[in-house]
Amino acid sequence: MKKSIIVAVGLMFALVSCQHTQQQKSDNTSSTETISKMELVDCDINFDGVKFTKSLNGGDSLVQVQDSILTFSCSEGRDIFNDPNGKLSNHTIPAILTEVDNSKPFTFLVKVRPGFTSDGTYNAADILVFANDSLYQKLCFEQDERGNHRVVSVRTVVTSDDNNHDVISEDSVYLKISSDTETIASYYSIDGKEWNMVRLYKNSYPTNLLIGIASQAPVKGKCTSVFSDMVLSQDNVSDFRMGE
């Protein structure tokens, strides 16, 4: 009799444990696959040998390609940011994205010239690394609250941080993101040769990842950003501190 009770209790615990594990797997799957706040659709845009196959929030309709220049116009009020306090959250940024295999190294770089205006606070041209609406990073050349033009990075894991980096006096800058599958790092350069590290962290993005470009104008007016000298390669920088 005692043996029967022990066996029954053991089976009950095993069943509960199995159900709990299945629920965890289900929850994890839904959290990494949902893109509930933004519209992601197929597109077909080729620029500098990069084939953009996904459009976020109608980004493909705002892009013009002519020779070696890509112009990206963004209307007022559009951004991507998960405010920790909720007040400034915005998920309307237009972007075009290409799919990368995050189980392999990659490097993406591009020269950007944002459409800065006197009252266009937070206007920026961006590189966007995107898994879903709660897991992404953007690297920006942005106008701050005082009208300075600086490199800015925002990393989002459920909520967003916000990091202001160096002030740039030129009207354009090179931006670069590189991954060796374990580490992912962001850089900027004035001349495309000497690189400055902006941030570095563990690459915890899923295997199926999107990377691309965006233009933003969160506050006032529109921002027309110009992109050129784009390169997407299946390798990583050899020195993550120097970005070379």
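Leaving aside its neighbours within four places in sequence, which residues is K222 in contact with?

## K222 and its surroundings

With those neighbours set aside, K222 is in contact with C74, S75, E76, G115, N123 and A217, where contact means heavy atoms within 4.5 Å. The model is a predicted one, in which local features need pLDDT of at least 70 and side-chain atom pairs count only at pLDDT 80 or more, while totals for chains, interfaces and linings use all residues. Residues are numbered from 1 along each chain as its sequence is written, and side-chain values use heavy atoms, with hydrogens and water left out.

K222 sits in the loop between β17 (208–216) and β18 (223–233); strands here are DSSP runs of E with at least two residues, numbered from the N terminus. The residue is exposed, its relative accessible area being 55%, on a scale where buried means under 20%, exposed over 50% and partly exposed in between, with a 1.4 Å probe and protein chains only. One of its contacts, G115, is 107 residues away in sequence, yet the C-alpha atoms of K222 and G115 are 8.0 Å apart in space.

## K138, a buried lysine

K138 belongs to strand β10 (residues 135–143) and is buried, with a relative accessible area of 2%. Its side chain makes a polar contact with the side chain of Q216 at 2.9 Å; such a contact is a pair of N or O atoms within 3.5 Å, and within protein one must be able to donate a hydrogen and the other to accept it, with residues adjacent in sequence counting only if both atoms are side-chain atoms. Not counting residues up to four places away in sequence, K138 touches D79, I80, D126, I127, L128, V152, S153, V154 and Q216.

## Salt bridges

The count comes to 6 salt bridges, each defined as a side-chain nitrogen of Lys or Arg within 4 Å of a carboxyl oxygen of Asp or Glu. Among them is the pair D42 and K54, with an N to O distance of 2.5 Å. Because D42 lies in strand β1 (residues 40–47) and K54 in strand β2 (residues 50–56), this pair ties together parts that are 12 residues apart in sequence. D42 is exposed at 57% relative accessible area.

A further salt bridge joins D44 to K51, their closest N and O atoms being 2.7 Å apart; D44 is exposed at 56%, whereas K51 counts as partly exposed at 41%.

The side chains of R199 and D161 also meet in a salt bridge, at 2.8 Å from N to O. R199 lies in strand β16 (residues 196–202) and D161 in the loop between β12 (159–160) and β13 (163–167), so this pair ties together parts that are 38 residues apart in sequence. R199 counts as buried at 14% relative accessibility, and D161 as partly exposed at 26%.

Terms used. Helix = DSSP H or I, 4+ residues; strand = E, 2+ residues; numbered from the N terminus.
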